[in-house]
Amino acid sequence: GGLALEGNNWNCDCSLVWLGRWTRRWLRETLLIHTAKLKGAQQVHALAREAKCFIPRTGQHVSLLDLHSEDLGCHASALSDSGHAAPSPSAATLTATLILAVLSLGAS
């Protein structure tokens with residue numbers, strides 16, 4: 001099982017910063033736990049890099065692993081009401097999907 005984040009049509013904005021942070025943490029923890037094979041670690045890292053968003057201003061696609069609040073000029077948490085930008089519908093949908101996935105895993 002897992003959560004596939006690649007292939008989404010996201011714009012890079014403050015509402016996705018938390019997902020980049022979460023992805024970096026997930027990758028770090030996954031690689032610490034599963035360090036038996038280098039090839040497996042490289043595959044996990046490459047897969048995590050496939051989750052990307054688009055910066056309209058520059059025309060570039062950026063891996064969520066490389067998405068940081070300071071690069072986007074975010075002043076507060078994207079999850080708070082005082083955030084620089086309101087969460088986009090796709091980010092809100094992803095949040096709901098993640099919550100449902102965690103709840104369903106806990107019920108198993």
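Buried means a relative accessible area under 20%, exposed means one over 50%, and partly exposed lies in between, with a 1.4 Å probe and protein chains only. The model is predicted, so that local features need pLDDT of at least 70 and side-chain atom pairs count only at pLDDT 80 or more, whereas totals for chains, interfaces and linings use all residues. Residues are numbered from 1 along each chain as its sequence is written, and side-chain values use heavy atoms, with hydrogens and water left out.

**View 1. Salt bridge between arginine 49 and aspartate 66.** The side chains of arginine 49 and aspartate 66 meet in a salt bridge at 2.9 Å, N to O (a side-chain nitrogen of Lys or Arg within 4 Å of a carboxyl oxygen of Asp or Glu). This pair links distant parts of the chain, since arginine 49 belongs to helix α2 (residues 38-49) and aspartate 66 to the loop between β3 and α3 (69-72), 17 residues apart. Aspartate 66 is partly exposed because its relative accessible area is 38%, and arginine 49 is partly exposed with 31%.

**View 2. Salt bridge within helix α1.** The structure holds 2 salt bridges, and one of them joins glutamate 29 to arginine 25, with the closest N and O atoms 2.8 Å apart. Both residues lie in helix α1 (residues 17-33), 4 residues apart, which is about one turn of the helix. Glutamate 29 has a relative accessibility of 37% and therefore counts as partly exposed.

View 3. Helices (H or I, at least four residues) and strands (E, at least two) are DSSP runs, numbered from the N terminus, and the protein chain has 4 helices and 3 strands in the pattern β-α-α-β-β-α-α along the sequence. The 3 strands form an open sheet in the order β1-β2-β3 with mixed pairing, where two strands pair if DSSP finds at least two bridges between them. Strand β2 (residues 52-55) pairs with β3 in the antiparallel sense over 4 bridges, and isoleucine 55 stands opposite glutamine 60 in β3.

**View 4. Nonpolar surface patch.** Leu3, Trp22 and Trp26 make a nonpolar surface patch of about 280 Å²; patches are made of residues with over 30% relative accessible area and no salt bridge, like charges being joined within 9 Å and nonpolar side chains (Val, Leu, Ile, Met, Phe, Trp, Tyr) within 5 Å. Accessible areas come from the Shrake-Rupley method with a 1.4 Å probe, and for residues only the protein chains shown count as cover. Leucine 3 is found in the segment before β1 (10-11).
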